[in-house]
Amino acid sequence: MRALGLAGVPREEPLLYPGAWPRESGVLDGDRLLPLDRVTFEDRVPVLAIGSNGSPGQLRHKMTEFGIDSPLPMVRARVTGLDIGVSAHVSRMGYVSASPMGAPGVVRELFVLWLDAEQLAVIDASEGVPMASGNFDRAWLPAPDVRVEPADGTVLPGAYVYVNRHGVLGDGDGTPRRHPGDQRVLITELLRGSARLRELFGTTPEEFCARARADRGLCERGTRLFAGEGRVTASGLERYVRPGRTGEPAPGIRPPTAPMP
(Lines give C-alpha, C1' and ligand atoms only; values in the text may rest on other atoms or scores of the structure.)
Protein backbone atom coordinates (compact mmCIF):
# COMPACT_ATOMS: atom_id res chain seq x y z
CA MET A 1 0.00 0.00 0.00
CA ARG A 2 2.87 2.36 0.68
CA ALA A 3 3.95 2.22 -2.95
CA LEU A 4 0.41 3.20 -3.96
CA GLY A 5 0.28 6.09 -1.49
CA LEU A 6 -2.48 4.40 0.53
CA ALA A 7 -0.71 3.67 3.82
CA GLY A 8 -1.53 6.92 5.67
CA VAL A 9 -3.66 6.61 8.82
CA PRO A 10 -5.91 9.59 9.70
CA ARG A 11 -6.32 8.24 13.24
CA GLU A 12 -2.61 8.90 13.72
CA GLU A 13 -2.35 12.02 11.54
CA PRO A 14 -5.76 13.76 11.62
CA LEU A 15 -4.98 16.31 8.92
CA LEU A 16 -4.72 13.38 6.49
CA TYR A 17 -8.46 12.75 6.91
CA PRO A 18 -10.25 11.16 5.07
CA GLY A 19 -7.07 9.48 3.88
CA ALA A 20 -6.18 8.33 0.38
CA TRP A 21 -8.74 6.21 -1.46
CA PRO A 22 -7.76 3.66 -4.11
CA ARG A 23 -8.40 4.44 -7.75
CA GLU A 24 -9.84 0.99 -8.44
CA SER A 25 -11.54 -1.88 -6.65
CA GLY A 26 -9.34 -4.29 -4.75
CA VAL A 27 -9.07 -6.59 -1.77
CA LEU A 28 -7.21 -5.33 1.27
CA ASP A 29 -4.96 -8.16 2.42
CA GLY A 30 -2.51 -7.12 5.12
CA ASP A 31 -0.26 -4.43 3.66
CA ARG A 32 -1.34 -5.16 0.12
CA LEU A 33 -4.24 -4.10 -2.09
CA LEU A 34 -4.76 -6.94 -4.55
CA PRO A 35 -6.98 -7.29 -7.65
CA LEU A 36 -10.54 -8.57 -7.27
CA ASP A 37 -12.12 -11.31 -9.36
CA ARG A 38 -15.73 -10.34 -8.55
CA VAL A 39 -17.71 -7.39 -7.18
CA THR A 40 -20.41 -8.98 -5.00
CA PHE A 41 -20.08 -11.36 -2.05
CA GLU A 42 -23.23 -13.14 -0.86
CA ASP A 43 -21.63 -14.24 2.42
CA ARG A 44 -20.65 -10.69 3.40
CA VAL A 45 -22.42 -7.43 4.32
CA PRO A 46 -22.19 -4.39 1.99
CA VAL A 47 -21.30 -1.14 3.78
CA LEU A 48 -20.76 2.16 1.96
CA ALA A 49 -17.54 3.98 2.87
CA ILE A 50 -18.19 7.70 3.21
CA GLY A 51 -15.07 9.04 4.94
CA SER A 52 -11.93 7.36 6.18
CA ASN A 53 -13.47 3.88 5.87
CA GLY A 54 -12.56 4.27 2.20
CA SER A 55 -8.89 4.55 3.19
CA PRO A 56 -7.01 1.22 3.19
CA GLY A 57 -4.55 2.61 5.73
CA GLN A 58 -7.34 3.51 8.15
CA LEU A 59 -9.12 0.18 7.63
CA ARG A 60 -5.94 -1.78 8.25
CA HIS A 61 -5.34 0.24 11.44
CA LYS A 62 -8.83 -0.55 12.76
CA MET A 63 -8.58 -4.24 11.97
CA THR A 64 -5.05 -4.65 13.31
CA GLU A 65 -6.16 -3.21 16.64
CA PHE A 66 -8.22 -6.38 17.15
CA GLY A 67 -5.88 -8.84 15.49
CA ILE A 68 -8.11 -9.29 12.44
CA ASP A 69 -6.20 -9.96 9.23
CA SER A 70 -8.85 -11.53 6.98
CA PRO A 71 -9.07 -10.09 3.43
CA LEU A 72 -11.49 -7.19 2.98
CA PRO A 73 -12.97 -6.51 -0.48
CA MET A 74 -13.36 -2.84 -1.47
CA VAL A 75 -15.55 -2.41 -4.56
CA ARG A 76 -15.81 0.91 -6.34
CA ALA A 77 -19.42 1.72 -7.20
CA ARG A 78 -21.57 4.43 -8.72
CA VAL A 79 -23.98 5.61 -6.00
CA THR A 80 -27.05 7.70 -6.79
CA GLY A 81 -29.02 9.52 -4.10
CA LEU A 82 -26.25 10.08 -1.57
CA ASP A 83 -23.68 12.79 -0.93
CA ILE A 84 -20.87 13.37 1.58
CA GLY A 85 -21.63 15.90 4.29
CA VAL A 86 -19.83 17.09 7.43
CA SER A 87 -20.43 15.37 10.75
CA ALA A 88 -21.90 17.67 13.39
CA HIS A 89 -19.43 16.50 16.01
CA VAL A 90 -15.74 16.92 16.81
CA SER A 91 -13.96 13.60 16.75
CA ARG A 92 -11.73 12.41 19.57
CA MET A 93 -9.30 11.47 16.82
CA GLY A 94 -8.73 15.18 16.14
CA TYR A 95 -10.69 15.72 12.96
CA VAL A 96 -14.21 16.63 11.81
CA SER A 97 -15.37 13.56 9.96
CA ALA A 98 -17.61 12.99 6.97
CA SER A 99 -21.22 11.80 7.18
CA PRO A 100 -23.64 10.66 4.50
CA MET A 101 -26.59 12.82 3.57
CA GLY A 102 -29.55 12.19 1.34
CA ALA A 103 -29.19 13.87 -2.04
CA PRO A 104 -31.76 12.77 -4.66
CA GLY A 105 -30.24 12.64 -8.12
CA VAL A 106 -26.67 13.22 -6.95
CA VAL A 107 -24.14 10.67 -8.23
CA ARG A 108 -20.92 9.87 -6.34
CA GLU A 109 -18.18 7.29 -6.81
CA LEU A 110 -17.87 5.48 -3.47
CA PHE A 111 -16.53 2.19 -2.18
CA VAL A 112 -18.64 -0.71 -0.99
CA LEU A 113 -16.87 -2.59 1.79
CA TRP A 114 -17.91 -6.23 1.83
CA LEU A 115 -17.44 -7.13 5.50
CA ASP A 116 -17.51 -10.49 7.23
CA ALA A 117 -19.00 -10.76 10.73
CA GLU A 118 -15.80 -9.92 12.62
CA GLN A 119 -14.94 -7.01 10.36
CA LEU A 120 -18.46 -5.61 10.66
CA ALA A 121 -18.27 -5.77 14.46
CA VAL A 122 -15.01 -3.82 14.44
CA ILE A 123 -16.29 -1.10 12.11
CA ASP A 124 -19.54 -0.84 14.11
CA ALA A 125 -17.54 -0.40 17.31
CA SER A 126 -15.24 2.19 15.74
CA GLU A 127 -18.31 4.23 14.75
CA GLY A 128 -19.87 3.89 18.21
CA VAL A 129 -22.89 1.93 17.00
CA PRO A 130 -23.22 -0.39 20.02
CA MET A 131 -22.86 2.47 22.52
CA ALA A 132 -25.54 4.86 23.75
CA SER A 133 -22.97 7.66 23.61
CA GLY A 134 -21.72 6.71 20.14
CA ASN A 135 -21.79 9.08 17.19
CA PHE A 136 -23.28 6.87 14.48
CA ASP A 137 -26.06 4.38 13.79
CA ARG A 138 -25.79 1.79 11.04
CA ALA A 139 -28.81 2.02 8.71
CA TRP A 140 -29.90 0.04 5.66
CA LEU A 141 -30.52 2.16 2.55
CA PRO A 142 -32.72 0.17 0.16
CA ALA A 143 -32.86 0.43 -3.59
CA PRO A 144 -34.29 2.32 -5.34
CA ASP A 145 -34.03 5.08 -2.68
CA VAL A 146 -30.27 4.84 -3.06
CA ARG A 147 -28.91 3.09 -6.15
CA VAL A 148 -25.56 1.29 -5.79
CA GLU A 149 -24.00 0.05 -9.05
CA PRO A 150 -20.62 -1.69 -9.13
CA ALA A 151 -18.66 -1.57 -12.38
CA ASP A 152 -20.16 -4.78 -13.79
CA GLY A 153 -23.62 -3.16 -14.01
CA THR A 154 -25.08 -5.01 -11.04
CA VAL A 155 -27.55 -3.02 -8.94
CA LEU A 156 -27.40 -3.95 -5.27
CA PRO A 157 -30.69 -4.35 -3.36
CA GLY A 158 -29.30 -1.87 -0.86
CA ALA A 159 -26.32 -1.19 1.38
CA TYR A 160 -25.60 -0.14 4.94
CA VAL A 161 -24.29 3.30 5.83
CA TYR A 162 -23.34 5.03 9.08
CA VAL A 163 -25.76 7.88 9.88
CA ASN A 164 -24.58 10.54 12.30
CA ARG A 165 -26.67 10.79 15.46
CA HIS A 166 -25.79 14.48 15.78
CA GLY A 167 -26.87 15.42 12.25
CA VAL A 168 -24.65 17.21 9.75
CA LEU A 169 -23.34 20.74 9.50
CA GLY A 170 -25.27 23.18 7.35
CA ASP A 171 -24.39 26.29 5.39
CA GLY A 172 -26.50 28.57 7.59
CA ASP A 173 -29.74 28.28 5.62
CA GLY A 174 -30.58 24.72 6.60
CA THR A 175 -28.82 23.25 3.57
CA PRO A 176 -26.26 20.56 4.45
CA ARG A 177 -22.74 21.49 3.44
CA ARG A 178 -20.52 19.13 1.50
CA HIS A 179 -17.33 17.83 3.04
CA PRO A 180 -14.51 19.34 0.95
CA GLY A 181 -12.41 16.17 1.27
CA ASP A 182 -9.54 18.18 2.72
CA GLN A 183 -9.38 18.41 6.50
CA ARG A 184 -7.17 21.49 6.54
CA VAL A 185 -9.60 23.38 4.30
CA LEU A 186 -12.62 22.31 6.34
CA ILE A 187 -11.19 23.22 9.74
CA THR A 188 -9.95 26.56 8.41
CA GLU A 189 -13.48 27.37 7.21
CA LEU A 190 -15.08 26.29 10.49
CA LEU A 191 -12.66 28.32 12.61
CA ARG A 192 -13.08 31.36 10.41
CA GLY A 193 -16.84 31.23 10.92
CA SER A 194 -16.88 31.06 14.74
CA ALA A 195 -15.01 33.14 17.30
CA ARG A 196 -16.15 30.76 20.04
CA LEU A 197 -14.75 27.76 18.15
CA ARG A 198 -11.40 29.59 17.90
CA GLU A 199 -11.46 30.19 21.65
CA LEU A 200 -11.88 26.47 22.24
CA PHE A 201 -9.61 24.99 19.57
CA GLY A 202 -7.16 27.70 18.50
CA THR A 203 -6.76 29.53 15.22
CA THR A 204 -5.10 26.94 12.97
CA PRO A 205 -5.94 23.39 11.83
CA GLU A 206 -2.84 22.14 13.62
CA GLU A 207 -3.99 23.67 16.93
CA PHE A 208 -7.49 22.33 16.41
CA CYS A 209 -6.31 18.76 15.87
CA ALA A 210 -3.84 18.83 18.77
CA ARG A 211 -6.38 20.19 21.25
CA ALA A 212 -9.14 17.83 20.13
CA ARG A 213 -6.93 14.74 20.45
CA ALA A 214 -5.87 15.75 23.95
CA ASP A 215 -9.27 16.45 25.47
CA ARG A 216 -12.45 14.39 25.09
CA GLY A 217 -14.45 16.94 27.09
CA LEU A 218 -13.34 19.68 24.71
CA CYS A 219 -14.59 17.63 21.77
CA GLU A 220 -17.97 17.35 23.47
CA ARG A 221 -18.04 21.12 24.04
CA GLY A 222 -17.24 21.68 20.38
CA THR A 223 -20.05 19.34 19.38
CA ARG A 224 -22.50 21.23 21.60
CA LEU A 225 -21.24 24.52 20.15
CA PHE A 226 -22.12 23.42 16.61
CA ALA A 227 -25.71 22.90 17.74
CA GLY A 228 -25.78 26.04 19.91
CA GLU A 229 -24.67 28.22 17.02
CA GLY A 230 -27.38 26.82 14.77
CA ARG A 231 -24.94 25.08 12.42
CA VAL A 232 -26.62 21.67 12.56
CA THR A 233 -29.24 20.26 10.22
CA ALA A 234 -30.68 16.82 9.46
CA SER A 235 -28.90 14.51 7.04
CA GLY A 236 -32.16 13.33 5.45
CA LEU A 237 -31.29 9.74 6.32
CA GLU A 238 -32.70 9.63 9.84
CA ARG A 239 -35.83 7.83 8.68
CA TYR A 240 -33.75 4.76 7.79
CA VAL A 241 -32.43 4.33 11.32
CA ARG A 242 -34.25 1.58 13.20
CA PRO A 243 -33.84 2.11 16.96
CA GLY A 244 -32.67 -0.98 18.79
CA ARG A 245 -31.62 -2.76 15.58
CA THR A 246 -28.57 -0.97 14.17
CA GLY A 247 -26.24 -2.13 16.91
CA GLU A 248 -27.02 -5.82 16.65
CA PRO A 249 -23.81 -7.82 16.32
CA ALA A 250 -23.50 -10.57 13.80
CA PRO A 251 -24.37 -14.02 15.18
CA GLY A 252 -21.63 -15.41 17.40
CA ILE A 253 -19.65 -12.17 17.42
CA ARG A 254 -19.10 -10.19 20.59
CA PRO A 255 -18.80 -6.47 19.73
CA PRO A 256 -15.29 -5.21 20.55
CA THR A 257 -14.61 -1.90 22.23
CA ALA A 258 -12.71 0.56 20.09
CA PRO A 259 -11.98 4.31 20.21
CA MET A 260 -14.86 6.13 18.57
CA PRO A 261 -14.23 8.77 15.90
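**Figure 1. Buried residues of helix α2 in the predicted model.** The buried residues of α2 are Gln119, Leu120, Ala121, Val122, Ile123, Asp124, Ala125 and Ser126; buried means under 20% relative accessible area, exposed over 50% and partly exposed in between, with a 1.4 Å probe and protein chains only. Eight of the ten residues of α2 are buried, and the helix is mostly covered. These buried residues pack against β3 (45-49), α1 (56-64), β4 (72-86), β5 (98-115), β6 and β8 (158-164). Helices (H or I, at least four residues) and strands (E, at least two) are DSSP runs, numbered from the N terminus. This is a predicted model, in which local features need pLDDT of at least 70 and side-chain atom pairs count only at pLDDT 80 or more, whereas totals for chains, interfaces and linings use all residues. Residues are numbered from 1 along each chain as its sequence is written, and side-chain values use heavy atoms, with hydrogens and water left out.

Figure 2. Gln119 belongs to helix α2, which comprises residues 117-126. Gln119 counts as buried because its relative accessibility is 0%. Residues up to four places away in sequence aside, Gln119 touches Arg44, Met63, Ile68, Ser70, Pro71, Leu72 and Trp114; contact means heavy atoms within 4.5 Å.

**Figure 3. Position of Leu191 in helix α3.** Leu191 lies in α3, a helix of residues 183-192. With a relative accessibility of 2%, Leu191 is counted as buried. Neighbours within four places in sequence being left aside, Leu191 is in contact with Leu197, Arg198, Phe201, Gly202, Thr203, Thr204, Pro205 and Phe208. For one of these residues, Pro205, the C-alpha atom is separated from that of Leu191 by 8.4 Å, and the two residues are 14 residues apart along the chain.

**Figure 4. His89 in the loop between β4 and β5**. The relative accessible area of His89 is 1%, and His89 is therefore buried. Between the C-alpha atoms of His89 and Asn164 the separation is 8.7 Å, although these residues stand 75 residues apart along the chain.

Figure 5. Pro18 is placed in the segment before β1 (26-29). Pro144 is situated in the loop between β6 (136-142) and β7 (147-150).

**Figure 6. The stretch of residues 245-261 in the context of the chain.** The mean pLDDT of the protein chain is 91, and 93% of its residues reach 70 or more; pLDDT is the predictor's confidence in each residue, from 0 to 100. Over residues 245-261 the pLDDT is below 50, and the stretch has 48 contacts in the model beyond near neighbours in sequence. The protein chain as a whole contains six helices and ten strands, and buried residues make up 52% of its 261 residues. Among contacts with a separation of 6 or more, 76% are between residues 24 or more positions apart. Along the principal axes, the C-alpha trace spans about 50 × 35 × 35 Å.
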